[in-house]
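This report walks through one protein model. Start with the overall layout, then move to the sheets, the helices and the core.

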Amino acid sequence: MSFGFGDNNFEFVGGDDGRTFYFAVRQDHLIDSDFRYRYHEPRVDYSGKNGNKTTFFTNSEYFAEKIRLPSEYFGKYMAGRLSCPYSFDKDKNCITFKGEYSLPDIKNYFFEFVKNYVICQPCDYPECTLRLDDRKNLIKHCESCGLNHQVNFKSNDKAFQFIERELKKK
Ligand SMILES: [Zn+2]
């Protein structure tokens, strides 16, 4: 059983290699067992007592490397969607969220970030890099097909302005 996503929904799709996390939206990619952009699933761990738990996204840095963006970017995005503080745990080398959140929630919000910021819509490959254009609009540039898309601000996106500020520093 592989793990894939439809448009913002979880869908289980066929596969033969255990549980796999597809960075894709298109159905033909989600059922393609040779699709290049299949990774380990996100993993979570918990610490703390009831009422004071912390959720660890234990392989956040694995994904940061895959999408070539700091985990702070998706950490802020996910914390905004979970409505909780975010931080980075140096010992465990991963991002954490204050509170107890299920693996499906962590996957769902992480994938929302990937879909908004990393996956190119026409080609459906997670090959986008982020930049600002001449008018300081946040643009994702697809390294695969070369298209530029503007990333639009959504009110529930707590990472957007942070990412803009980070890109302005460059
Ligand atoms: Zn593309």
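## Overview

The protein chain has 5 helices and 11 strands. Helices (H or I, at least four residues) and strands (E, at least two) are DSSP runs, numbered from the N terminus. This is a predicted model: local features need pLDDT of at least 70, side-chain atom pairs count only at pLDDT 80 or more, and totals for chains, interfaces and linings use all residues. Residue numbers start from 1 along each chain, as its sequence is written.

Of the 170 residues in the protein chain, 32% count as buried. A residue is buried if 20 or more other C-beta atoms lie within 10 Å of its own, exposed if 12 or fewer, and partly exposed in between, with C-beta atoms placed from the backbone. Two residues are in contact if their C-beta atoms, placed from the backbone, lie within 7 Å. Take the contacts in the protein chain between residues at least 6 apart in sequence: 41% of them join residues at least 24 apart.

## The four-strand sheet

An open sheet of 4 strands has the order β5-β6-β8-β7, with antiparallel pairing. Two strands pair if DSSP finds at least two bridges between them. β5 (44–47) and β7 (86–89) are at the edges; each has a single partner strand, so one side of each is left without a neighbour in the sheet. Neighbouring strands of this sheet are turned by 30° against each other on average, direction ignored.

Inside the sheet, β6 (residues 54–57) and β8 run antiparallel and are joined by 4 bridges. Here Phe-57 stands opposite Ile-95 in β8.

## The three-strand sheet

Another open sheet has 3 strands in the order β9-β10-β11, and its pairing is antiparallel. Its edge strands, β9 (128–132) and β11 (148–150), each pair on one side only.

β9 and β10 form a hairpin with 5 residues between them. In the turn, Lys-136 has a positive phi of about 65°. The two strands, β9 and β10, are joined by 5 bridges. On the other pairing, 3 bridges join β10 (residues 138–142) to β11.

α5 lies across β9 and β10, running at about 75° to β9. Axes are lines fitted to C-alpha atoms, for helices over the stretch in contact, and angles run from 0 to 180 degrees between N-to-C directions.

How do α3 and α4 pack? Their angle is about 125°, and their axes are 9 Å apart. α3 and α4 are therefore oblique to each other. Angles under 35 degrees count as roughly parallel, over 145 as roughly antiparallel, 65 to 115 as roughly perpendicular and the rest as oblique. Residues of α3, including Phe-74, Tyr-77 and Met-78, meet residues of α4, including Tyr-109, Phe-110 and Phe-113.

The largest nonpolar core has 37 residues. Such a core is a set of buried Ala, Val, Leu, Ile, Met, Phe, Trp, Tyr and Cys residues joined through C-beta atoms within 7 Å. Tyr-77, Met-78, Phe-110, Phe-113 and Val-114 have the most contacts inside the core. α4 gives the most to this core, with 7 residues.

## A loop residue

Arg-68 lies in the loop between α2 and α3. Arg-68 counts as partly exposed because it has 13 C-beta neighbours inside 10 Å. Arg-68 and Glu-127 are 59 residues apart in sequence, and 9.2 Å apart in space, C-alpha to C-alpha.
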